[in-house]
Amino acid sequence: MAVERVLSGMRPTGSLHLGHYHGVLKNWVRMQHEHECLFFVADWHALTTHYDTPEIIEENVWEMVIDWLAAGVDPAQATIFIQSRVPEHAELHTLLSMITPLGWLERVPTYKDQQEKISHKDLATYGFLGYPLLQSADILIYKATQVPVGEDQIPHIEFTREIARRFNHIYGRELGYQEKAEAAIKKLGSKRGTLYEELRDRYQEQGDDEALEAARAMIEEQQGLSLGDKERLLGYLEGGGKMILVEPDHKLTPASKMPGLDGQKMSKSYNNTISLREDPDQISKKIKTMPTDPARIRRTDPGDPDKCPVWQLHEVYSEDATKQWVQNGCRNASIGCIECKAPVIEGVLQELKPIQERAAQYAEDPMMIKNVVAEGCERARKMARETMREVRDAMGLGYSA
Ligand code: TRP
Ligand code: SF4
């Protein structure tokens with residue numbers, strides 16, 4: 001297996017919270033040691049839904065990079081950049097749009113789902129319909145092999161694979177490929193040439209693998225064919241030519257176990273978050289006022305941790321001994337809820353302390369952040385330019401001034 005190249009992006013629509021940390025960032029930090037990684041701020045994607053609040057995007061782009069670095073994403077290991085600073089993404093998006101059937105876009109489940117969910121906003125826009133295609137351009141322009149994403153994004157990766165396949169099918173062949181292949185068939189002589197065509201049809205129309213094998217064997221044995229013709233005939237058997245764009249695999253990020261303050265998944269839209277740079281006093285207050293098992297009205301009422309969102313936080317933050325203490329103490333009412341919450345508060349604050357310290361340092365040094373991003377953009381752009389050269393050539397735009 002060739003080297004993996006990992007790419008992922010995040011939309012700068014708000015400050016990052018513990019759900020992002022446990023669900024996404026820790027995963028990125030781990031992957032950056034294992035593979036070549038590119039992580040980018042998807043500011044154009046943010047505009048597809050936040051087109052009328054550009055100030056939100058402007059504010060969050062840099063804050064998000066600070067959060068990434070504070071969480072441990074390392075610019076010495078991963079390339080960190082901003083989508084709109086690599087305008088080649090837009091060029092690839094335009095070129096891919098030429099071969100993208102409208103029906104494919106309309107069928108992507110997030111298209112209708114999000115329109116219904118964000119019903120207060122008009123999302124019947126060209127940009128929003130094209131969201132998955134822009135994402136495909138993000139991925140394909142780096143020939144990424146792995147894309148770590150949450151479950152909701154899997155249809156976008158599947159869509160990207162289909163776009164890559166379609167592109168390679170249409171353009172992945174040299175100019176005059178068909179003619180050259182036909183000329184090579186003639187060189188086989190009429191009997192073998194006819195057999196070749198029969199076998200090719202059987203493979204392409206009925207998926208007959210034996211026919212493919214037989215045809216391959218015939219080409220291999222054939223004397224007097226040039227190497228170029230041999231390769232042409234082998235490639236032509238399977239219908240395709242060169243592979244220009246690479247079909248990526250999705251890498252499902254294990255669903256974040258990070259519960260929000262109300263026991264639902266932590267998410268800005270549920271208003272149940274603790275953000276990475278939230279003030280420690282504020283965090284304590286939030287946890288102290290979290291709901292608990294409603295059966296525990298008085299301190300002497302026994303409770304059930306399974307009905308309490310605080311227990312879910314213990315699952316993330318506490319050692320076995322503490323968890324045992326909660327289980328017993330709650331069920332026989334030997335501990336109170338305030339007591340029970342103390343180790344959770346401690347756990348969250350301890351986890352966030354180094355992150356907040358690093359974030360404070362970065363926030364004081366905006367030049368350093370800008371430099372990290374400028375370097376990342378430069379590196380990303382170099383890769384993007386190379387792919388664009390191939391794509392333009394394949395699409396008949398190879399002329400240079
Ligand atoms: N759509 C992704 C999300 O909302 C963000 C994104 C944009 C992305 N381009 C990408 C993720 C490319 C992975 C790869 O989470
Ligand atoms: Fe929840 Fe702990 Fe109170 Fe039990 S004791 S209800 S687990 S906060």
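A cavity is a set of grid points within the protein where a 1.4 Å probe fits but cannot get out. In the predicted model described here, one cavity of 30 Å³ or more is present. The space in this largest cavity amounts to about 110 Å³. Its lining is formed by 14 residues, of which Arg296, Cys308, Cys330, Cys337 and Cys340 are the closest to the centre.

At least two lining residues come from each of α15 (309-317), α16 (320-331) and α17 (337-363). The greatest contribution is that of α17, which provides three residues.

The domain assignment divides the chain into three parts: domain 1 is made up of the segments 5-172, 249-256 and 366-394, whereas domain 2 covers 177-237 and domain 3 covers 277-363. Between the C-alpha centres of domain 2 and domain 3 there is a distance of 69 Å.

The packing of two helices was also examined. Helix α4, which spans residues 88-97, packs with helix α18, which spans residues 366-394, and their axes are 10 Å apart. The angle between α4 and α18 is about 25°. Because angles under 35 degrees count as roughly parallel, α4 and α18 are therefore described as roughly parallel to each other. The crossing in which α4 passes α18 is left-handed.

Methods. Residues numbered from 1 in each chain as written. Chains lettered and ligands numbered in written order. Predicted model: local features only at pLDDT ≥ 70, side-chain atom pairs only at ≥ 80, totals over all residues. Heavy atoms only, no water. Domains from an automatic or database assignment. 1 Å grid on protein atoms, 1.4 Å probe; cavity = no way out; pocket = protein on both sides within 12 Å on 5 of 7 lines; lining within 4 Å. Points joined across faces, edges and corners; volume = space filled by probe spheres on them. Helix = DSSP H or I, 4+ residues; strand = E, 2+ residues; numbered from the N terminus. Axes fitted to C-alpha atoms, helices over the stretch in contact; angles between N-to-C directions. Parallel < 35°, antiparallel > 145°, perpendicular 65-115°, else oblique. Left-handed = near helix turned anticlockwise from the far one by under 90°.
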